[in-house]
Amino acid sequence: MGQVLTMEGMEIVYEKPGTLTQTPFHFCPGCGHGVVHRLLMEVVEEMGIIDQTVGVAPVGCSVFAYNYMDIDMQEAAHGRASAVATGIKRVLPDKYVFSYQGDGDLAAIGTGETIHTVNRGENILMVFINNAIYGMTGGQMAPTTLLGQVTSTTPFGRESSHVGFPLKITDLVAQLPGAYYVTRQTVHTAAAVRRTKKAIEASFKYQMLKKGTCFIEVVSNCPSGWKMTPVEANVWMEKNMLPIYPVGDLKVPKQ
Amino acid sequence: MIHGSVIVAKEVCKGCELCIQACPQESLGLSNQINHNGYRFAVLIKDNCTGCINCALVCPDAAITVYRQPKPVKQPTKVLESA
């Protein structure tokens, strides 16, 4: 089936940002990572800061972020993206620096780095993708896994008696005085995507005020890890994850 | 009504169907063919697209380009001379 309409007389209202490379994403169908990659790069393009932005890629599903984002990128050791971003920001204080991490990276092995980076109030943006599972390694339990959620290492559902409770790391960092802007967003609907983009845009602008760390949690899906179709995964996320991880601003700058 | 259209990069699309869910006009569907990677890709199945860009916003693979008719230029209304 070909194109239904002619494109004559029409103008482009939305296209892939030029700051994304031509490499197709390796993510599974329906994964929220691709949306957040695109939003970050859209903001970088629209603000005209392509040559002033440095990103730090994590270990996890988004490990190849440097292949997709056509800006200066640095790969970090597992969990250490915020520490590497700290170093980059201190050497190059005029650059926009962001770290991009998943829940296995930021909330498990990198918990210490995360909390201390925010506690020091480093002027960076930390983007945290929370999908309540270790996607890359085959769907094992993560610290953010919900109680009762079935994963490959909790086949009868997560029980708090063995493995504790879901770690709300965004709520933790919101209490630290070094945090300037802390918010939790999603990317499962068009309206949510617009809100997330606004949050990313605001965070890049706040960076140059040098008043503290900006932290954006994006509650996302993992259709492969959850063993669902992408559409089912988004419904499951809205029903089960959003009550535990409610969307909204946790800390907003005082005017 | 403003008329729009989308072009889906069929070799990039993975057939996740999120755009089909997001479309308020229900004008997207899956193709009967498969692409190089073996996925059925999204295509326009109806002629009623308004170019609202919802599909492109939720697309995880940035596969959708949206086109829309330019907004009609408003004609200046006749100013009536006061009597």
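**Close-up views of a predicted two-chain model**

View 1. In β4(B), B:Y67 is the bridge partner of A:I12. This is a predicted model, in which local features need pLDDT of at least 70, side-chain atom pairs count only at pLDDT 80 or more, and totals for chains, interfaces and linings use all residues. Residues are numbered from 1 along each chain as its sequence is written, chains are lettered from A and ligands numbered from 1 in the order in which they are written, and side-chain values use heavy atoms, with hydrogens and water left out. Strands (E, at least two residues) and helices (H or I, at least four) are DSSP runs, numbered from the N terminus. Two strands pair if DSSP finds at least two bridges between them. Three bridges join β1(A) to β4 (residues 64–68) of chain B, and the two run antiparallel. The open sheet has the order β1(A)-β4(B)-β1(B), with antiparallel pairing. β1 (11–14) of chain A and β1 (4–8) of chain B stand at the edges, each with a single partner strand, so one side of each has no neighbour in the sheet. The twist averages 35° from one strand to the next. Axes are lines fitted to C-alpha atoms, for helices over the stretch in contact; angles run from 0 to 180 degrees between N-to-C directions.

**View 2. A hairpin in chain B.** Strands β2 (residues 28–34) and β3 (residues 40–44) of chain B pair in the antiparallel sense over four bridges. B:G29 stands opposite B:V43 in β3(B). Five residues lie between the strands, and B:G38 in this hairpin takes a positive phi near 90°.

**View 3. The seven-strand sheet of chain A.** This open sheet runs β3-β2-β4-β5-β7-β6-β8, with mixed pairing. Its edge strands, β3 (72–75) and β8 (248–251) of chain A, each pair on one side only. Neighbouring strands are turned by 20° against each other on average, direction ignored. Four bridges join β2 (residues 53–57) of chain A to β3(A), and these strands run parallel. A:E75 in β3(A) is the bridge partner of A:A57. Helix α5 (residues 111–120) of chain A packs on the sheet, touching β5 (125–130), β6 (179–186) and β7 (213–219) of chain A; its direction makes about 140° with that of β7(A). α10(A) also packs on the sheet and touches β5, β6 and β7 of chain A, at about 135° to the direction of β7(A). Contact means heavy atoms within 4.5 Å.

View 4. The whole structure holds ten aromatic pairs over all chains. Rings of Phe, Tyr and Trp (its six-membered ring) pair if their centres lie within 6.5 Å; planes under 30 degrees apart count as stacked, over 60 as edge-to-face and the rest as tilted. A:W226 and A:W236 form a tilted pair, 4.6 Å centre to centre with 55° between the planes. A:W226 lies in α9 (residues 223–226) and A:W236 in α10 (residues 230–244) of chain A, so the pair ties together parts ten residues apart in sequence. A:W226 is buried at 7% relative accessibility. Buried means under 20% relative accessible area, exposed over 50%, partly exposed in between (1.4 Å probe, protein chains only).

**View 5. Cysteines of chain B.** A disulfide is a pair of cysteine sulfur atoms within 2.5 Å. The whole structure has zero disulfides over all chains. The sulfur of B:C13 is 6.2 Å from the closest cysteine sulfur, in B:C19, too far for a bond. B:C13 is buried, with a relative accessible area of 9%.
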